[in-house]
Amino acid sequence: MASSNHYKTINPATGQLVRSFPDSTDLDVSKALSTAQECFEKDWRWRTASSRAEIMTRAAGLIRDRTAQLAEIATKDMGKLYTEACYEVSLSADILEYFAVNAESFLRPTTVQERGSGAVAEVVSEPIGIIVAVEPWNYPYYQLARVAGPQLMAGNVVLAKHAASVPQCALAFAKIFEDAGAPPGAYTNIFGSRSQMNQLVDDFRVRGVTLTGSEAAGAGVAERAGRHLKKVVLELGGSDPFVVLEDANLEAAISRASSGRLVAMGQVCAAPKRFIVVGKERGDLFLEGVKQHFSSLEAGDPMDPKTTIGPVFSESALQTLLEQIHRAVEHGATLVCGGKRIDRPGFYLEPTILTNISAENPIYKEEMFGPVAMMFSVDTDDAAVELANATRYGLGSSVNSEDPKHARAVADRIDAGMVFINSCTVTLPELPFGGIKNSGFGRELSDLGFSEFLNKKLIRMAPTN
């Protein structure tokens with residue numbers, strides 16, 4: 001059967017097809033699975049952490065050496081501003097280096113002290129096998145790095161299915177490990193279909209699945225993996241609150257909110273999406289400041305360093321956002337600025353602010369995955385916390401205050417996997433990343449992410465007499 005071509009680069013800045021790639025055949029996927037299993041059983045799991053670290057360190061170096069090339073590929077694949085793409089490439093290299101340096105200590109056995117038995121007990125960390133990673137387009141290298149870094153250094157092997165819209169990023173990342181000397185099967189890219197990925201999840205040789213994506217995709221994978229008793233890590237959507245308390249520096253909060261909302265054109269699960277300001281008058285000033293920032297930006301070629309508005313990643317994404325904005329206004333929301341397609345080739349949307357959003361408005365409970373901010377003013381901290389938690393999501397959140405004790409007291413009351421005081425979401429190799437509620441479960445990065453797919457095996461040796 002001839003392969004179809006779901007994997008293709010359509011440049012979001014022009015709307016033009018750049019290149020397409022054949023989908024993996026069933027035979028391709030079967031061979032990849034067998035090669036990965038052989039690599040795990042006969043090679044990769046038995047290497048020392050220092051041996052694996054040599055390859056991981058070389059891979060990080062190659063990423064740094066190829067920064068300009070990799071960043072340009074990301075910009076052409078998904079429309080990210082080139083300057084932002086360069087930062088993402090650097091962060092991806094940092095992640096690989098972090099796990100290359102720290103894996104040996106993370107894998108060190110721990111002694112369990114028993115009382116009076118004379119036995120010696122240890123907990124050792126062992127890899128479990130093939131991990132399937134299903135990853136999205138919005139951070140095409142970072143999303144892969146935060147799986148490959150910890151899991152390869154833990155001794156697992158990875159089969160990665162990237163988003164169909166970023167095939168060149170997927171290939172470039174896989175080439176990094178090939179050029180770094182990773183054995184065949186340690187890290188494998190698959191241009192797989194949904195049915196092929198389902199078959200992989202069903203296969204006993206696959207021992208874990210990690211997915212970053214939509215609620216629907218996460219629920220589907222979790223249900224399927226659960227039927228086969230497999231560990232899953234899910235990083236799903238978010239509707240992150242950005243809370244501005246009465247004692248916050250308003251100018252600084254406006255700057256953080258404005259820039260944080262528009263990173264990657266707002267196509268970030270953990271970006272601030274709901275601005276919640278305590279105090280009506282301060283809310284008005286905050287709204288005016290964000291509006292001025294949004295309205296001052298200029299659309300252009302994302303490869304041009306002068307461009308401040310890039311495209312969203314696809315025509316369908318643009319149409320979804322326009323439809324959400326239209327429904328919001330139909331149900332009583334006020335369109336403060338933006339809300340229209342920008343008249344130029346490609347998939348460009350004006351940065352948008354919506355206010356007067358009631359709890360009955362459809363977008364009150366939806367994630368706006370693009371350059372759209374929802375603005376709320378409340379009278380008290382209690383009202384701010386209640387509104388911040390009035391979502392089925394629980395990924396990131398922000399609290400802004402000049403008083404650390406006040407900020408911490410409010411942060412402790414927010415239901416989220418991450419709370420950032422006086423900043424938007426920050427992701428670093430040493431910080432755990434993940435959420436609660438419908439934002440998923442499990443963690444990536446840090447020692448917590450490293451341990452998600454390890455067998456913590458108890459070995460107890462009783463006295464011989």
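Predicted model: local features only at pLDDT ≥ 70, side-chain atom pairs only at ≥ 80, totals over all residues.
**View 1. An open sheet of 6 strands with mixed pairing.** Reading across the sheet, the strands come in the order β7-β6-β5-β8-β9-β19. Residues 187–190 form β7 and residues 440–441 form β19; these two strands stand at the edges with a single partner strand each, so one side of each has no neighbour in the sheet. Elsewhere in the sheet, β8 (residues 206–212) and β9 (residues 231–235) run parallel and are joined by 5 bridges. Look for glycine 208, which stands opposite lysine 231 of β9.

**View 2. Helix α5 across the sheet and beside α4.** Helix α5, residues 142–154, lies across β5, β6, β7, β8 and β9, and runs at about 165 degrees to β6. Its packing partner here is helix α4 (residues 82–106): the two axes are 9 Å apart and meet at an angle of about 10 degrees. That angle makes α4 roughly parallel to α5. On the α4 side, the contact includes Leu91, Ile95 and Phe99, while α5 contributes residues including Tyr142, Pro150 and Met153. By class, this contact has 10 nonpolar, 2 polar and 2 charged residues.

**View 3. The largest pocket, with about 1,300 Å³ of space.** Lined by 44 residues, this pocket has Thr212, Gly213, Ser214, Glu215 and Ala217 as the residues closest to its centre. Elements giving two or more residues to the lining are β5, α7 (194–202), β8, α8 (215–227) and α11 (315–330). Of these, α8 gives the most, with 8 residues. The lining of the largest pocket divides into 19 nonpolar, 14 polar and 11 charged residues.

**View 4. The largest cavity, holding about 70 Å³ of space.** Here we meet α5 again, as it gives the most to the lining, with 4 residues. Among the lining residues are Arg146, Val147, Pro150 and Gln151, together with Ile131, Thr210, Val233 and Phe453. By class, the lining of the largest cavity has 5 nonpolar, 3 polar and 4 charged residues.

**View 5. The second largest cavity, holding about 40 Å³ of space.** Strands β10 (240–244) and β15 (393–394) each supply at least two residues of this lining. Residues to find around this cavity include Asp240, Pro241, Arg274, Tyr393, Gly394 and Asp415. The lining of the second largest cavity divides into 5 nonpolar, 4 polar and 3 charged residues.

Terms used. Residues numbered from 1 in each chain as written. Heavy atoms only, no water. Pairing = 2+ DSSP bridges. Contact = heavy atoms within 4.5 Å. Axes fitted to C-alpha atoms, helices over the stretch in contact; angles between N-to-C directions. Parallel < 35°, antiparallel > 145°, perpendicular 65-115°, else oblique. Nonpolar A, V, L, I, M, F, W, Y, C, P; charged D, E, K, R; others polar. 1 Å grid on protein atoms, 1.4 Å probe; cavity = no way out; pocket = protein on both sides within 12 Å on 5 of 7 lines; lining within 4 Å. Points joined across faces, edges and corners; volume = space filled by probe spheres on them.
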